[in-house]
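Subject: A structure for you to explore

Hi there,

Here is the structure I promised to pass on to you. Have a look around it first, and then read my notes below.

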Amino acid sequence: MLFSLRPDYVSDPLLNDLVTRLRDYLEGELADYERDRGVRPETPITRALLEPVWRRSRELGFYGIHLPPELGGQGLTYTQLAALKEEVGASGRALAHSVLGEMGGPLRVGDILGAATEHQLQTYFLPVVRGERACCFSMTEADAGSDVRAMRTEAVPDGGGYRLTGHKVFSSAGPVADFAIVIARLAGTERTYCAFIVDLDSAGCQALEGSIPMSGEHIESDIVLKDCFVPAANLLGSEGDGLRLGLGRVNVNRLLHCPSVLGMTRRAIELTTERARTRTVAGAPLGDLQAIQHKLADMAADYYAARAMTYAALAALDSGTVPRLEAFMCKLFVAESAFRILDQAVQIHGKEGLTQGNEVEYLFRKVRMFRVLTGTSEIQKNGIAKLLLRA
């Protein structure tokens with residue numbers, strides 16, 4: 001794998017074609033769609049805004065492309081999916097999260113599809129695949145983030161179903177979702193957790209406006225449940241499968257989030273390199289200064305190392321190996337190196353890099369979140385150390 005800020009995939013004709021067509025859509029039609037509507041990263045997401053993107057992305061074959069053919073996808077490998085996610089991250093498009101189905105779509109569902117019954121597939125998940133419905137994932141609580149077992153949301157068995165009470169936060173895609181996948185503790189137990197499909201228009205369920213993250217995006221909801229009845233048919237898997245389903249999804253996402261961040265990092269290096277070429281200081285390009293050259297060199301080397309280790313771990317995943325240690329390492333190194341790169345990008349842009357509305361300023365805020373999301377850097381270190389000491 002050689003260094004490039006615009007990778008090609010000539011050794012994989014299918015992927016090369018997909019990347020070419022995806023770039024064309026992101027840089028052309030989707031860019032025009034956003035410009036015509038004045039869409040920016042902080043624009044609140046609505047169904048009216050996203051549904052045309054879902055439909056068009058599905059027409060082009062991108063929405064849910066990772067799924068097996070029987071579910072309407074192309075059965076991509078993790079490596080192929082990662083390459084597409086990297087392009088999405090590098091595009092600079094505010095609505096790019098909806099092209100592959102990450103914002104409420106098939107990518108939001110993840111591997112939970114494998115636990116769904118035929119009823120659940122037909123009623124909930126296949127309509128998501130078709131872009132007709134949307135979902136969010138609700139596991140995090142105000143006092144149950146890294147320590148997920150501290151969750152207080154409870155499910156009480158009641159005849160033909162369960163009654164759920166609790167308060168979930170940071171449910172991404174909540175503002176456009178029809179239903180949530182909610183993880184709750186079974187009442188009367190200490191360590192039995194369940195996963196439920198909860199219709200957000202159910203009695204006793206509210207999807208409230210959530211906190212705005214530092215990226216400024218209006219994409220989160222709080223899911224508040226008060227004695228909300230959920231039929232037994234909406235239990236995913238069996239009682240006790242909740243954390244396995246919830247954390248299994250997180251473990252895969254831990255690795256699959258890395259290409260998205262690599263894409264944003266790549267975009268920052270592109271913008272910063274162009275800044276160094278075109279910004280004039282004392283009658284000469286900024287890039288003539290050795291201090292700037294060294295910063296650019298460090299940025300490129302960090303990106304290359306982070307990308308190489310990520311795709312090596314993805315290749316192992318494709319071969320059938322579960323790279324648990326490597327996934328922790330990738331999440332840690334990608335998060336920390338991306339933050340260093342964006343910090344230098346802001347530095348090189350000077351006051352422009354500190355100005356709201358500048359793309360590098362937004363990327364800095366967006367990338368900074370990744371040191372916390374899907375497990376903090378400290379949690380990744382805990383995981384690495386624990387596996388090393390067990391070896």
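With which side chain does the side chain of Arg254 make a polar contact? Before you check, please keep in mind that this is a predicted model. The partner is Gln380, whose side chain lies 3.1 Å from that of Arg254 in this contact.

To find Arg254, go to helix α7, which covers residues 242-278. Arg254 is buried, yet it has no salt bridge. Glu326 is the nearest side chain of opposite charge, and it is 11 Å away, whereas a salt bridge needs the charged atoms to be within 4 Å. Leaving aside residues up to four places away in sequence, Arg254 touches Ala327, Phe328, Lys331, Thr374 and Gln380.

Next, please turn to helix α3, residues 47-59. Its 13 residues reach 18 Å from the first C-alpha to the last, close to the 18 Å expected at 1.5 Å a residue. Which of its residues are buried? They are Arg47, Leu49, Leu50, Val53, Trp54 and Ser57. These residues lie on the same side of α3, because they cover an arc of only 150 degrees around the axis. The general idea is handy to remember: an α-helix has 3.6 residues a turn, so residues three or four places apart point the same way. Ala48 and Glu59, on the other side of α3, are exposed. Among the elements that cover the buried residues of α3 are α1 (13-27) and α2 (29-37).

Most residues other than glycine have a negative phi. Two places to look at here are Phe170 and Ala282. Phe170 is not a glycine, but its phi is positive, at about 50 degrees. Phe170 sits in strand β3, residues 161-172, and is partly exposed, with a relative accessible area of 46%. Ala282 also has a positive phi, of about 55 degrees, although it is not a glycine. You will find Ala282 in the loop between β9 (280-281) and β10 (284-285), where it is exposed, with a relative accessible area of 82%.

One last stop is Ala308, in helix α8 (residues 290-318). Is Ala308 buried, exposed or partly exposed? Ala308 counts as partly exposed because its relative accessibility is 31%. From Ala308 to Arg133 is 175 residues in sequence and 36 Å in space, C-alpha to C-alpha.

Enjoy exploring!

Best wishes

How values were computed. Residues are numbered from 1 along each chain as its sequence is written. This is a predicted model: local features need pLDDT of at least 70, side-chain atom pairs count only at pLDDT 80 or more; totals for chains, interfaces and linings use all residues. Side-chain values use heavy atoms; hydrogens and water are left out. Helices (H or I, at least four residues) and strands (E, at least two) are DSSP runs, numbered from the N terminus. Buried means under 20% relative accessible area, exposed over 50%, partly exposed in between (1.4 Å probe, protein chains only). Lys and Arg count as positive and Asp and Glu as negative; His and the chain ends are not counted. A polar contact is a pair of N or O atoms within 3.5 Å; within protein, one must be able to donate a hydrogen and the other to accept it, and residues adjacent in sequence count only if both atoms are side-chain atoms. Contact means heavy atoms within 4.5 Å. The expected span of a helix is 1.5 Å times one less than its number of residues. The arc is that of the directions from the helix axis to the C-beta atoms.
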